[in-house]
Amino acid sequence: MKVLVINAGSSSLKYQLMDMSNEGVLAKGLCERIGVDGRISHKTADGVKVEYDVSFPTHKEAFMELVKVMSSGEGKVIDSMSEISAIGHRVLHGSEKYKVSTVVTDTVIDDIMSFKDLGPLHNPPQAIAMKACQEVFGKDTPMVAVFDTSFHQTMPPKAYMFGVPYEYYEKYSIRRYGFHGTSHRYIAHRLGELKGSLEGKKVINCHLGNGSSLAAIQDGKVVDTSMGFTPLDGFLMGTRCGGIDPSVVTFIMKKEGLDPDQMSDLMNKKSGFLGISGVSSDCRDLNEAAQKGNQRAQLALDMFVYQIKKFIGGYAAAMGGVDAIVFTGGIGENDAEMREKICSDMEYLGLTVDHEACQNASRKEAAFQAEGSKVEAWVLPTNEELMIARDTVELTSK
């Protein structure tokens with residue numbers, strides 16, 4: 001069974017074609033600049049790379065082109081699109097309605113679009129992409145929606161409610177939803193495989209990248225997570241401010257004469273690493289600048305570490321302890337120094353890190369706690385696409 005995994009944005013379409021007989025990736029690529037001009041980048045499992053400019057007026061043309069590049073020419077991995085048994089779509093927000101992955105119907109697409117106020121940058125293009133996908137593949141090819149929010153639906157009300165009047169929860173579904181759920185779910189599943197079970201275990205998973213979030217996982221289920229009503233909440237990220245005093249928002253709006261959309265843009269796209277350092281939103285650039293003496297770059301890195309340490313301590317307190325801390329995502333998997341700084345001075349929790357093991361743990365599954373440490377520390381590379389593909393197989397094979 002071959003499954004096509006889609007992650008659609010307003011002007012982009014990331015894809016992976018997976019052979020589920022061995023869960024291998026046959027090809028992956030990116031259709032970008034949709035609605036502007038267009039370019040496709042395609043890579044096969046055996047290393048063949050194909051890149052060229054092509055017109056993408058809409059997502060439909062992007063789907064047509066990815067079928068073409070997968071079924072013909074140098075990048076060919078299938079004979080025709082009929083070999084694709086099902087399609088899995090990453091969806092940002094499922095509100096409170098979709099607590100698990102769901103087979104796509106017209107009603108599901110309409111619902112995803114209706115959640116646009118909860119996920120304005122992601123839900124509309126993802127719904128549009130699903131309709132375009134139906135046009136190209138036909139409605140006989142089953143599709144599955146996998147929601148970033150669904151894994152966090154096990155949080156209790158005391159963790160997901162905000163301290164605003166309850167009527168706004170009833171009227172507008174304002175609550176903590178959490179994101180990166182597919183990644184957090186993969187890590188919980190994989191750690192459970194490695195440990196035999198997560199029953200009775202307390203885990204803090206750190207998904208660290210340009211967008212970052214932590215999840216407190218007890219008995220394999222989320223009990224709290226750092227992102228909130230939107231992916232803006234939590235701690236400092238690439239361009240997002242993370243959690244701040246709400247009065248800062250109204251103060252800046254009044255002083256700078258900003259409307260809500262402008263303020264949202266400032267907090268989502270001009271803050272975080274970029275806003276503090278003035279250098280870049282990329283952690284690698286900040287490390288390089290800090291090594292050259294840039295104090296603002298160093299400040300951004302220090303804030304990142306400090307805020308994550310506070311979340312880890314808070315989640316350990318909320319769960320009554322912690323058995324394992326896991327690092328994943330671009331920063332979590334690759335930046336050994338960042339991992340070690342975050343884990344430093346945590347002997348009070350029972351965690352001691354082996355420096356050499358931490359340095360050698362990048363980009364692979366590895367534990368890096370010191371001998372005798374009561375708390376385990378892990379690097380586990382995430383695989384959201386595999387999780388989406390597995391859900392797609394499960395729901396379309398019934």
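Reader: What should I know before we start?
Author: Residues are numbered from 1 along each chain as its sequence is written. In this predicted model, local features need pLDDT of at least 70, side-chain atom pairs count only at pLDDT 80 or more, and totals for chains, interfaces and linings use all residues, while side-chain values use heavy atoms, with hydrogens and water left out.

Reader: Why is His152 called buried?
Author: Buried means under 20% relative accessible area, exposed over 50%, and partly exposed in between (1.4 Å probe, protein chains only). His152 has a relative accessible area of 0%, so it counts as buried.

Reader: Which residues does His152 touch?
Author: Contact means heavy atoms within 4.5 Å. Leaving aside residues up to four places away in sequence, the contacts of His152 include Arg175, Tyr177 and His184.

Reader: What makes Arg175 count as sitting over the ring of Tyr177?
Author: The rule asks for NZ of Lys or CZ of Arg within 6 Å of the ring centre and within 35 degrees of the ring normal. The charged end of Arg175 is 4.9 Å from the centre of the Tyr177 ring. Arg175 also lies over the face of Tyr160, at 3.7 Å from the ring centre.
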